[in-house]
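The sequence and the structure come first, and the notes follow.

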Amino acid sequence: MSNDGTILASRIRKSFGPKTVLQDIDLDIGSGEICCIIGPSGSGKSTLLRCINGLETVDSGILKVNGDDFGYYETEHAYHALSPKKLALQRTRVGMVFQQFNLFPNMTARENVMSGPVLVKRADKKESAKRAQELLTSVGLGAFGDRYPAELSGGQQQRVAIARSLAMDPEIMLFDEPTSALDPEKVGEVLTVMKELAKKGMTMVVVTHEMGFAREVADSLLFMDEGIVVERGDAREVLANPKESRTQSFLKKVL
Amino acid sequence: MTTVINKGSKAGAGSIDATLKPRLRLRTPAEYTAWIIAILVAAGILASVLTNPNFKWDIVGKYFTHESILRGLMLTIFLTVASMAMGTLLGLGLAIMRSSKIKPVALAAGAYVTLFRGTPVLVQLIFWFNISALYPNLYIGIPFTDIGTAIDTNALMGPITAALVGLSLNEAAYMAEIIRGGFSAVGKGQIEAADSLGMSGAMKMRKVIIPQAMPSIIPATGNQVIGMFKETSLVSVLGVAELLQSAQLIYARTFDTIPLLIVASIWYLIMTLLLSYPQSRLEQKYSHTSVRVPRKSKKVVLTAPEGIAR
């Protein structure tokens, strides 16, 4: 059975100096599952996401992405860090969308979308340009390929960033508060693109404050606080009937 | 209840509408005093310069376009261009080494920068000129074999070579710091985005970091060029016949020390001013935008909608 598009974590720990940011986190995300992670700031939800993409390394615990140990290979006594090349290869299978978009300002929207395939996968330029056009069209920006990021609105930039990640054909897409830096009226256009993506069966892990999105789209929901998964379960169930008091008080404040 | 805002209180017949009156800047007595003092001092200096016969302006005029002065100027320009070019390339290499994750590589580059910035250029120039005292013969060959030739260091390290080596190596240390500063101006998010796409270190450097670091590197490099132009005068101690040395050679014969120093100074000033213009253009071009606005695109003019206070 293929493990593509799955994320499995067991007792992940991570600390920055004396501060423990992730404590014994367990995750089990199946292929095509949409998982939303919610929680107050500083709860470790972004860090967890960044670990799945290798932007941070975990201190201990098991982390398997697409069925493989992520960033490390296991021997009898230890996990050994992979070479940069092998790590890069694993990363190409996990797309990441950032809160601040992080488009390359020196490239046009199209060049941004092409950057992964052309620079990393050494794909044919013409093919990549064609595919980039398709992807830009799919996020509603077919006519904006020649614009530079500085000439696009936040919502447009974020949609280009999603297209850029999709261009690598990842099995998993990670979203780190993708709408938090947007004008309220631009949030919808990004969420629409994400909903489309969810319908296509992409595995998605979304750190978000958009409870409406979580309720409508997510399969599972994780509520994190102080580096611990406080509550997890079916998204609509948790949002409607939170069991833990910490979850209840958080949801009361944000809903 | 309504309030009427009284827009134009007219002071008298024939005066302008109060809403249209210009607003004048405050001029303090200190400003007027400063102007008077500055003008007096300037007039004094000018009078002295024009009336003191020891300036020998006729001799300044005579030597201003003298052949050996012009040749010296050419050599100065050559030294500036060559040592800046080599220094920048080497500096780029050092900056990349310094941001390397491999400790010894970063440390080596750091040690180089410390050494070459921590000692005076003049000392470095004399050092390279006398390097043959340290290594009389340079042996080029394959290690542990008999293949290779020995070169007399003294013959290799002539004054101009020593000047080029000294200036370039010193400049490299400064350029390395400038370029590294440019690298660190590139946002962390950019590097994370490149990482998440799986870009290799070299690719990240070439396609993401260096293009975005350019706006802060280029103006600073322009400043270095202007600095280097004047710094080349130091190599006169090695007997290189650049602009200053050419002037010195003439006044050693004619004893017209001051006029010839003025000749050299005027040339330095002219060249610095000529370089300052493109430099200030570069600074203007790169100062406002941390994000590069594409050359071909139209300028986006942001205007606040009416009724919104700024």
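## A buried serine in chain B

B:Ser168 is buried, at 5% relative accessibility; buried means under 20% relative accessible area, exposed over 50%, and partly exposed in between, with a 1.4 Å probe and protein chains only. B:Ser168 has its place in helix H7 (residues 159-185) of chain B. Helices (H or I, at least four residues) and strands (E, at least two) are DSSP runs, numbered from the N terminus. A polar atom of the B:Ser168 side chain lies 2.6 Å from the backbone oxygen of B:Leu164.

## Basis of the model

This is a predicted model, in which local features need pLDDT of at least 70 and side-chain atom pairs count only at pLDDT 80 or more, while totals for chains, interfaces and linings use all residues. Residues are numbered from 1 along each chain as its sequence is written, chains are lettered from A and ligands numbered from 1 in the order in which they are written, and side-chain values use heavy atoms, with hydrogens and water left out.

## A four-stranded sheet in chain A

Chain A has an open sheet of 4 strands in the order S2-S1-S4-S5, with antiparallel pairing. Two strands pair if DSSP finds at least two bridges between them. The edges are strand S2 (19-29) and strand S5 (68-69) of chain A, each pairing on one side only.

Strand S1 (residues 7-16) of chain A pairs with S2(A) over 7 bridges in the antiparallel sense, and A:Ser15 stands opposite A:Thr20 in S2(A). S1(A) is also joined by 5 bridges to strand S4 (residues 60-65) of chain A, again antiparallel; here A:Leu8 stands opposite A:Lys64. A:Lys64 has a bridge partner in S5(A) as well, A:Asp69. S4(A) and S5(A) are antiparallel and joined by 2 bridges. They form a hairpin with 2 residues between them, and A:Asn66 in the turn has a positive phi of about 55 degrees.

## Positive phi in two loops

Most residues other than glycine have a negative phi. A:Phe101, which is not glycine, has a positive phi near 65 degrees. A:Phe101 lies in the loop between strand S8 (94-97) and H3 of chain A, and is buried, with a relative accessible area of 10%.

A:Arg122 also is not a glycine and has a positive phi, of about 55 degrees. A:Arg122 is found in the loop between H3 and helix H4 (125-138) of chain A. At 61% relative accessibility, A:Arg122 counts as exposed.

How many disulfides are found over all chains? The search finds 0, a disulfide being a pair of cysteine sulfur atoms within 2.5 Å. For A:Cys35, the closest cysteine sulfur is in A:Cys36, 6.9 Å away, which is too far for a bond. A:Cys51 is in no disulfide either, and the nearest cysteine sulfur, that of A:Cys35, is 15 Å away. A:Cys35 is buried, with a relative accessible area of 1%, and A:Cys51 is buried at 2% relative accessibility.

## The largest pocket

The largest pocket holds about 1300 Å³ of space. Its lining includes two or more residues from each of helix H1 (45-52), helix H2 (84-91) and helix H3 (109-120) of chain A, and from helix H8 (188-196) and helix H9 (201-231) of chain B. On a 1 Å grid over the protein atoms alone, a pocket is an open set of points where a 1.4 Å probe fits, with protein on both sides within 12 Å along at least five of seven lines, and lining residues have an atom within 4 Å of a point. Grid points are joined across faces, edges and corners, and the volume is the space filled by probe spheres set on the points.

How values were computed:
Polar contact = N/O pair within 3.5 Å; in protein donor to acceptor, adjacent residues only side chain to side chain.
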